[in-house]
Amino acid sequence: MTRPDDLAALAHLSTRIGADPLLIQGAGGNTSVKEGEVMWIKASGTLLAEAETRDIFVPCDLPAMRRAITSGDARADQPAEFALAGSLRPSIETCLHAVFAQRVVLHVHCVNTLALAIRRDSAVALAPRLAGVTWAQVPYAKPGAMLAAEVLRVLTPQTDVLILGNHGLIVAAETVAEAEALLRRTVAALTTAPRMALAQPALADRAADGFIALPEDHPLHGVAQHVPSLAVALKGSLYPDHVIFLGPGMVALLPEERPGDAVARRLAEGLPPPPVLLVPGAGALIRADASAGAQALARCLGDVLARLADGATVQHLTRAEEAELMNWDAEKYRQSLNAQASHAG
């Protein structure tokens with residue numbers, strides 16, 4: 001099968017944005033390019049940062065995928081059904097890329113975008129920043145066919161920037177160079193200076209039961225030290241990858257409580273053990289054996305909330321939406337690949 005002439009250029013761009021934790025965390029995000037009736041897209045569970053060192057792009061039957069989306073066919077949520085070659089599965093967000101007419105689509109979990117896209121007044125906050133850009137916004141929907149259907153409702157041939165509520169950013173263009181330029185311009189327009197964390201008082205004293213303090217410069221310390229940010233973090237999950245790699249919501253270590261007690265408390269609620277614990281007023285602890293995905297999403301949460309405007313009201317994912325993500329076969333597959341990669345590393 002003939003590969004697009006610019007697939008190498010897309011791989012080069014993917015490697016660079018995949019290495020930027022303000023744009024991509026772990027195996028999140030995806031890129032694609034269309035060539036005639038074939039769309040080449042990042043495979044599920046692979047890292048954009050490895051796009052030039054391993055073959056991460058999967059060719060898919062674009063017309064068949066688009067027919068499944070517009071007809072409401074359940075196969076639209078099973079992107080492996082449309083793979084034309086290789087053993088890897090296409091990204092769980094393949095149909096999201098398919099609905100765009102533009103050849104090149106970049107989807108990133110940009111923390112500066114998330115700091116605005118999690119707000120209840122996100123449209124108002126975004127509008128002045130994106131003036132002069134042909135953009136649209138959709139509310140949160142489960143990644144996959146449900147989200148693609150929401151996007152189709154607002155998409156026009158001219159729309160080249162899309163804000164996904166509680167999820168991230170998409171830019172679309174005809175060439176890799178144009179897509180990169182649009183991504184850089186959009187991210188610059190949405191960028192907010194982060195709130196800085198303070199020194200962590202006596203945080204090491206709370207480390208036990210396999211939990212250690214995060215590095216001193218970690219942004220999640222600032223979340224535990226800033227009362228409004230701590231309240232937002234403890235109220236629930238903010239975006240899909242948070243649920244997948246950190247579990248639903250966050251857990252605070254109670255006064256005089258050991259980390260093992262907090263884990264037991266979480267398990268008693270029927271929830272998975274937390275890889276990260278917030279210590280109010282001090283900072284954050286993480287399991288010494290936390291996966292690469294958990295480490296990446298812990299930093300993402302700190303980066304996002306460090307940029308959330310004071311007084312902003314946040315839209316959290318519902319318990320039903322969290323449960324939907326935790327029980328999703330496609331995400332279990334992606335997590336299994338990440339676990340294998342972490343073990344190999």
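This report walks through a few helices, a sheet and some single residues of the structure above.

## About the model

The model is predicted: local features need pLDDT of at least 70, side-chain atom pairs count only at pLDDT 80 or more, and totals for chains, interfaces and linings use all residues. Residues are numbered from 1 along each chain as its sequence is written, and side-chain values use heavy atoms, with hydrogens and water left out.

Helices (H or I, at least four residues) and strands (E, at least two) are DSSP runs, numbered from the N terminus.

Let us start with helix H2, residues 62-71, where Leu 62, Ala 64, Met 65, Ala 68 and Ile 69 are buried. These residues cover an arc of only 165° around the axis, so they sit on the same side of H2. The arc is that of the directions from the helix axis to the C-beta atoms. Buried means under 20% relative accessible area, exposed over 50%, and partly exposed in between, with a 1.4 Å probe and protein chains only. On the other side of H2, Arg 67, Thr 70 and Ser 71 are exposed.

What do the buried residues of H2 pack against? Their partners are strands E1 (30-35), E2 (38-42) and E3 (57-61), together with helices H3 (94-98) and H6 (145-154). Contact here means heavy atoms within 4.5 Å.

At the start of H2, a side-chain oxygen of Asp 61 reaches to within 3.1 Å of the backbone nitrogen of Ala 64. Just after H2, Gly 72 takes a positive phi of about 75°.

## Helices H1 and H7

Two packed helices are described by the angle between their axes and the distance between the axes. For helix H1 (residues 7-18) and helix H7 (residues 176-190), the angle is about 20° and the axes are 10 Å apart. Axes are lines fitted to C-alpha atoms, for helices over the stretch in contact, and angles run from 0 to 180 degrees between N-to-C directions. H1 and H7 are therefore roughly parallel to each other; angles under 35 degrees count as roughly parallel. On the H1 side, the contact is made by Ala 9, Leu 10, Leu 13, Arg 16 and Ile 17, and on the H7 side by Val 176, Glu 180, Leu 183 and Arg 184.

Next comes an open sheet of four strands in the order E8-E11-E10-E9, with mixed pairing. Its edge strands, E8 (211-213) and E9 (251-252), each pair on one side only. Two strands pair if DSSP finds at least two bridges between them. E9 and strand E10 (residues 276-279) run parallel and are joined by two bridges; Leu 277 in E10 is the bridge partner of Val 251.

In helix H11 (259-268), Pro 259, Ala 262, Val 263 and Arg 266 are buried. Seen down the axis, the buried residues of H11 fall within an arc of 100°, so they line one face of the helix. They pack against E8, E9, E10 and strand E11 (283-287). After H11 comes Gly 270, whose phi is positive, near 80°.

## Single residues worth a look

Asp 209, in the loop between H7 and E8, has a positive phi of about 55° although it is not a glycine. Asp 209 is partly exposed, with a relative accessible area of 34%. Glu 256 is also not a glycine, and has a positive phi of about 70°. Is Glu 256 buried or exposed? At 77% relative accessibility, Glu 256 counts as exposed.

Finally, Glu 322 lies in helix H13 (residues 319-326) and, at 5% relative accessibility, counts as buried. Leaving aside residues up to four places away in sequence, Glu 322 touches Gly 236, Ser 237, Val 243, Pro 248, Gly 249 and Leu 317.

Notes: Polar contact = N/O pair within 3.5 Å; in protein donor to acceptor, adjacent residues only side chain to side chain. Parallel < 35°, antiparallel > 145°, perpendicular 65-115°, else oblique.
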